[in-house]
Amino acid sequence: KVASVDQVAAFAKRLVSTSLHLPPNGSLAFLMAVRQLMTNHPRVEGLLDADRISSLPYRPEIDDPDHSNAWGTSLWELALLKFHYHPHVAEAAGWCTPPRVPLHRLLS
């Protein structure tokens with residue numbers, strides 16, 4: 001079964017959000033999975049741009065990823081993870097954000 005872009009975006013958002021609460025080895029695994037999702041589904045990189053957020057809110061409590069509206073938020077957690085105490089996690093967070101996406105674009 002092929003996943004829709006909405007499902008992939010919701011999954012990426014959940015992985016990044018959860019990685020804030022994991023020990024470094026778990027965060028690294030999740031961030032590498034997110035990077036792979038972005039490589040395989042380039043539209044998911046739209047979550048890196050806070051200026052492209054939809055007017056509907058993100059609803060993480062919704063079980064169905066098609067209806068959670070992942071496009072209603074950005075991957076702002078990556079900005080925090082870039083300053084993680086573990087240098088490998090900070091580096092991995094940088095791999096998920098291309099150099100063309102400045103930090104203030106994730107946080108605005």
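Ala70, once its neighbours within four places in sequence are set aside, is in contact with Ala9, Ala10, Leu47 and Tyr58. In this predicted model, Ala70 lies in the loop between helix 2 and helix 3, and it counts as buried because its relative accessibility is 2%, which is under the 20% limit for that class. The C-alpha atoms of Ala70 and Asp6 are 7.0 Å apart in space, although 64 residues separate the two in sequence.

Most residues other than glycine have a negative phi. Asn69, however, has a positive phi of about 55° although it is not a glycine.

How do helix 1 and helix 2 cross, and at roughly what angle? The axes of helix 1 (residues 5-19) and helix 2 (residues 24-40) come within 9 Å and cross at roughly 155°, and because angles over 145 degrees count as roughly antiparallel, helix 1 is roughly antiparallel to helix 2. The crossing of these two helices is left-handed. On the side of helix 1 the contact is made by Val8, Phe11, Ala12, Leu15, Val16, Thr18 and Ser19, and on the side of helix 2 by Ser27, Phe30, Leu31, Ala33, Val34 and Leu37. Sorted by class, the residues of this contact are ten nonpolar and three polar, with no charged residue among them.

Ser19, one of the residues that helix 1 brings to this contact, can also be followed individually. At 1% relative accessibility Ser19 counts as buried, and, not counting residues up to four places away in sequence, it touches Ser27, Phe30, Leu31 and Leu81.

Helix 2 also packs against helix 4, at an angle of about 10° and with the axes 9 Å apart. Helix 2 and helix 4 are therefore roughly parallel to each other. Helix 2 contributes Pro24, Ser27, Leu28, Leu31, Met32, Val34, Arg35 and Met38 to this contact, while helix 4 contributes His88, Val89, Ala92, Ala93, Trp95 and Cys96. By class, the contact of helix 2 with helix 4 has eleven nonpolar, two polar and one charged residues.

Which residues of helix 4 are buried? In helix 4 (residues 87-96) they are Val89, Ala90, Ala92, Ala93 and Cys96. Seen down the axis of helix 4, these buried residues fall within an arc of 160°, so they line one face of the helix. An α-helix has 3.6 residues a turn, so residues three or four places apart point the same way. The cover over the buried residues of helix 4 includes helix 2 and helix 3 (77-81).

Definitions and conventions:
Residues numbered from 1 in each chain as written. Predicted model: local features only at pLDDT ≥ 70, side-chain atom pairs only at ≥ 80, totals over all residues. Heavy atoms only, no water. Axes fitted to C-alpha atoms, helices over the stretch in contact; angles between N-to-C directions. Helix = DSSP H or I, 4+ residues; strand = E, 2+ residues; numbered from the N terminus. Parallel < 35°, antiparallel > 145°, perpendicular 65-115°, else oblique. Left-handed = near helix turned anticlockwise from the far one by under 90°. Contact = heavy atoms within 4.5 Å. Nonpolar A, V, L, I, M, F, W, Y, C, P; charged D, E, K, R; others polar. Buried < 20%, exposed > 50% of the residue type's maximum accessible area, 1.4 Å probe, protein only. Arc of directions from axis to C-beta.
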